[in-house]
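I am opening my notebook to record what I looked up in this structure, entry by entry. I begin with a term that I need for the later entries.

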Amino acid sequence: MSIYEQIGGENAVDAAVDIFYKKVLSDDRISHFFDSVDMAGQIQKQKSFLTTVFGGPNSYTGKDMREAHKHMSLTEEHFGAVAENLVGTLQELSVPQSIIDEVVGIALSVKDDVLNK
């Protein structure tokens, strides 16, 4: 069973992304990256992206991770802050630790692309 199915499908991804961005936008370490971003569009892209990487229906048509982040000059601290907010979101939604660990593994698999290494 995919992560998408295990966490509850579309409704769960939607809830997670909404909570995640509330956390991100209140996090002084990373919120400034979103000052000029259309958040409604960003949230929709993120929902589509996570649905795809979690094994749900593939409707993501956005940029790959390297292309999407190459202009941002992100650091390990920024990546860690995003990961921390993602884990906090999943914990808040009572996602089992084993699934959180899988999600962290997915995030770590794209870390070099996000950081342009």
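I call a residue buried when its relative accessible area is under 20%, exposed when it is over 50%, and partly exposed in between, using a 1.4 Å probe and protein chains only. The model is predicted, so I note that local features need pLDDT of at least 70 and side-chain atom pairs count only at pLDDT 80 or more, while totals for chains, interfaces and linings use all residues. Residues are numbered from 1 along each chain as its sequence is written, and side-chain values use heavy atoms, with hydrogens and water left out.

Entry on two serines. I looked up Ser 94, which sits in the loop between α5 and α6, where helices (H or I, at least four residues) and strands (E, at least two) are DSSP runs numbered from the N terminus. Ser 94 has a positive phi of about 60 degrees although it is not a glycine, and because its relative accessible area is 60%, I list Ser 94 as exposed. I then looked up Ser 73, found in the loop between α4 (65–69) and α5; Ser 73 is not a glycine either, yet it has a positive phi of about 55 degrees. Ser 73 counts as exposed because its relative accessibility is 61%.

Entry on the core. A nonpolar core is a set of buried Ala, Val, Leu, Ile, Met, Phe, Trp, Tyr and Cys residues joined through side-chain atoms within 4.5 Å. In the largest one I found 31 residues, of which Ile 7, Val 13, Tyr 21, Phe 54 and Val 103 touch the most other members. Two or more residues come from each of α1 (3–7), α2 (9–25), α3 (39–53), α5 (76–92) and α6 (97–109), and α2 gives the most, with 6 residues.

The expected span of a helix is 1.5 Å times one less than its number of residues. The 17 residues of α2 should therefore span 24 Å, and its end C-alpha atoms are 24 Å apart, which agrees. The buried residues of α2 include Val 13, Ala 16, Phe 20 and Tyr 21, and what covers the buried residues of α2 includes α1, α3 and α5. In α5, the buried residues include Phe 79, Asn 85, Leu 86 and Leu 90, and their cover includes α2, α6 and α7 (111–114).

On a 1 Å grid over the protein atoms alone, a cavity is a set of points where a 1.4 Å probe fits but cannot get out, and a pocket is an open set with protein on both sides within 12 Å along at least five of seven lines; lining residues have an atom within 4 Å of a point. Grid points are joined across faces, edges and corners, and a volume is the space filled by probe spheres set on the points. The largest cavity has a volume of about 30 Å³ and is lined by Ile 7, Val 13, Ala 16, Leu 50, Phe 54, Leu 86 and Leu 90. The largest pocket holds about 930 Å³ of space; of its 33 lining residues, Tyr 21, Gln 42, Gln 46, Met 65 and His 69 are the closest to its centre. α3 gives the most to this pocket's lining, with 6 residues.

Terms used
Contact = heavy atoms within 4.5 Å.
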